[in-house]
Amino acid sequence: MSTSAFSHSAFSRQLKKYYLFYTGGFILFLLALAVAEQLGLSRAWIGYWFLFATIGLYAGIGWMTRTQDVAEYYVAGRKVPAFFNGMATGADWMSAASFIGMAGTLFLSGYDGLAWVMGWTGGFCLVALFLAPYLRKFGQFTIPDFLAERYGGNIVRGIGVVSAICCSFVYVVAQIYGVGLIVSRMTGLEFGVGVFVGLAGILVCAMLGGMRAVTWTQVAQYIVLIIAYLTPVVWLGVKHTGIPVPQIAYGYTMQKLADVEKKITADPKEQEVRKIFSDRAAAGKAALAAPDKSYADGKTKVEQALASAKSSNAPADQVAAAEKAVAAYPASVNAAKVQWTRETGLAARAGPPRPHAQAFPGKDEAAQNTARLNFIGIVFCMMFGTAALPHILMRYYTTPSVQQARVSVFWSLVFIFLLYFTAPCLAVLAKYDMYTNLVGSSFASLPAWAAAWALVDPGLLNITDINKDGIVQLAEIVIGGDLIVLATPEIAGLPYVVSGLVAAGGLAAALSTADGLLLTIANALAHDFYYKMIDPHASTYKRVTISKILLVMAAITAAYVTSLKPGDILFLVGAAFSLGASAFFPPLVIGIFWKRANKWGAIVGMSAGLGICIYYMMRTYPFFTNMGVPKMDLWFGLSPVSAGMFGLPLGMLTIFIVSLLTAPPSKQVQELVEHVRYPNLVGDTLVSEAR
Amino acid sequence: MELTQKHHEYWRKNLVITAILFAVWFVATFVEAWFARELNTITFLGFPLGFYMSAQGSLIIYVALIGIYALLMRKLDLEYNVDEGDLE
């Protein structure tokens, strides 16, 4: 024991030294690029430098840690110290959605967006209390491994494999999409090429060294992404609050923001713009009510205007404008309907800004209570989903001991917390900056960043002078959520190097999550399906080789699905959490805390939880109901994303009932439960660690 | 193998620690969110309290809770002799 204790602490010290050097090197790299920018390095080249330097670095770590050993490949040799496993879990956990989307969601929806912040952090309490230490003691390779050993038989393992692949695959598609988007934005390469370049980085890393390579790459990626996220916020914080830790002081900025919001609500020019929107929405609605007549009337009107302009010898530019109006008139009633529907949508822009801190807005008590229920639904599903996603739970197999697994959850949440408690602060600072500097400025002299982004992508920022007064009103601005993180460096007036750094951080977040997910999918197929269910006599060399081949296949399939650009990616990510919470959480936790739970309870419980979850989504989510699935009303007004709120309790309940109705599990299984409950049991006959 | 009386006691204490921390988690999450509108009428460090808790306060409680759990369990392991030795 003493030699192993020595080697563990020596290993840990050595790692700290390596990563300290690495962080210093990365900062030097940033400074060098900053100097190069001053000397005239072009923006495109800064983008290329970031892209190839970081991906090259990740691939390099992958190459150095390549392995063909089973324990190294699946669980990084079970010697990752708690601190570093925490960092790796942080990168594994924080996806492109957390890095780029979160602050934007908070910017747009204020308090209600905090459901994601709470949901994606609080879930780690459940991981710590109910799962991580016990799974570490169990000490196998995958999550279906535990289900199969605990409940016995290939049916449970099969359901586990299918569920693990379903939720991971849905999630990995969203990540690869993010990779393509960031790379194309960073360098101007095409979306498809961006996906390919990112994928190459993932593959070199994950394929050569499995969990071992992914772990050490994720640590490196965490360092890049946290530096990238904090740098612009600290800068913006100094500008608005005067201290470099704006997370503490932005409460006072919120008060100032509330005053600005009130001023904007009362401003007559703002009201004028909102009135224009509500009039246009009302006109669109009226036209939709009687489409044929409205179409004919509208057509006559523009034609008459043209005729009268010509007959009255109006100036040439007026005639030209009238001709343009006739030419632009929709060619058919259906085309006009599309246009009117778009106009009715403007009603959303006709309201005053919603106070940022206001919780659960709604027109009456009932609507407010539904908003509250949906907030809680999202928090619930994200938390229990966190505690059930296999790519996260798998990380706790890699620590040297049970106690290290417990400590490691602590470090995981510390590292995740750093980003998640910054996101709401960033949203408030960016909002305040925009409401005070952009709103009220003149169209002739927009801030440089606003002009630039409106030009780059109108989906991210669109400013139109609706009431033609030459001044920007808040109601005239349309913002895409992703703008907030991407444009913060420019809003804060930082050099372009920081914009490149932010893009590199987003890329690190997307790549690290994709790494972990692809590994989960490949391991479920290679270890659980091939080795445990088809060929239990396969040599270790063969098992690892098959894992590697499957990883490449999974990655290519995921890239192919991504290239089809499937619908609503945020919904898919939410759905993955609901599915995970329904399928995995009940059998895992009950299996540890209740010896009496048995095979049939698990089979029926997992199927019931998963079944109700899928049923509710299919019957209520527009994507499915538009494809012909009969639509039904929401239960309690709960949105489809929160289907896990039905799936999880039902799964728990059925496991209890069915287990009690059938025979108790064998003595061997009960001993396994005792085995996982004690970090070290003297006289224990069960073998602790799989090879 | 047969578990001794001490083993059962260890597990019971583990359950008590788990239950208490779980209750704290529940209050910091769902009770807090349920009453967010009411909490928002109070101001804390310039923040409306409901907003502060969801954006920062509850998160700090989560981090502390996991840290406390790891410390308490380490102590319990040592006390009941089920620890894994000095595996730093």
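1. Helices (H or I, at least four residues) and strands (E, at least two) are taken here as DSSP runs, numbered from the N terminus. The model is predicted, so that local features need pLDDT of at least 70 and side-chain atom pairs count only at pLDDT 80 or more, whereas totals for chains, interfaces and linings use all residues. Residues are numbered from 1 along each chain as its sequence is written, while chains are lettered from A and ligands numbered from 1 in the order in which they are written.

2. K468(A) lies in the loop between β1 (461–463) and β2 (477–479) of chain A, and although K468(A) is not a glycine, its phi is positive, at about 55°. This residue counts as exposed, with 7 C-beta neighbours inside 10 Å; on the scale used, a residue is buried if 20 or more other C-beta atoms lie within 10 Å of its own, exposed if 12 or fewer, and partly exposed in between, with C-beta atoms placed from the backbone.

3. A76(A), in the loop between α3 (70–75) and α4 (82–93) of chain A, is another residue other than glycine with a positive phi, near 50°. A76(A) is buried, having 26 other C-beta atoms within 10 Å.

4. Just after α18(A), G440(A) takes a positive phi of about 95°.

5. In chain A, F585(A), P586(A), P587(A) and I590(A) of α24(A) meet L648(A), G651(A), M652(A) and I655(A) of α27(A), contact being defined by C-beta atoms, placed from the backbone, that lie within 7 Å. The residues of this contact divide into seven nonpolar, one polar and no charged, where Ala, Val, Leu, Ile, Met, Phe, Trp, Tyr, Cys and Pro count as nonpolar, Asp, Glu, Lys and Arg as charged, and the others, Gly among them, as polar.

6. Between the chains, the contact takes 44 residues from chain B and 51 residues from chain A. On the side of chain B that touches chain A, α3(B) gives the most, with 18 residues, and by class that side has 26 nonpolar, 11 polar and seven charged residues.

Definitions and conventions
Contact = placed C-beta atoms within 7 Å.
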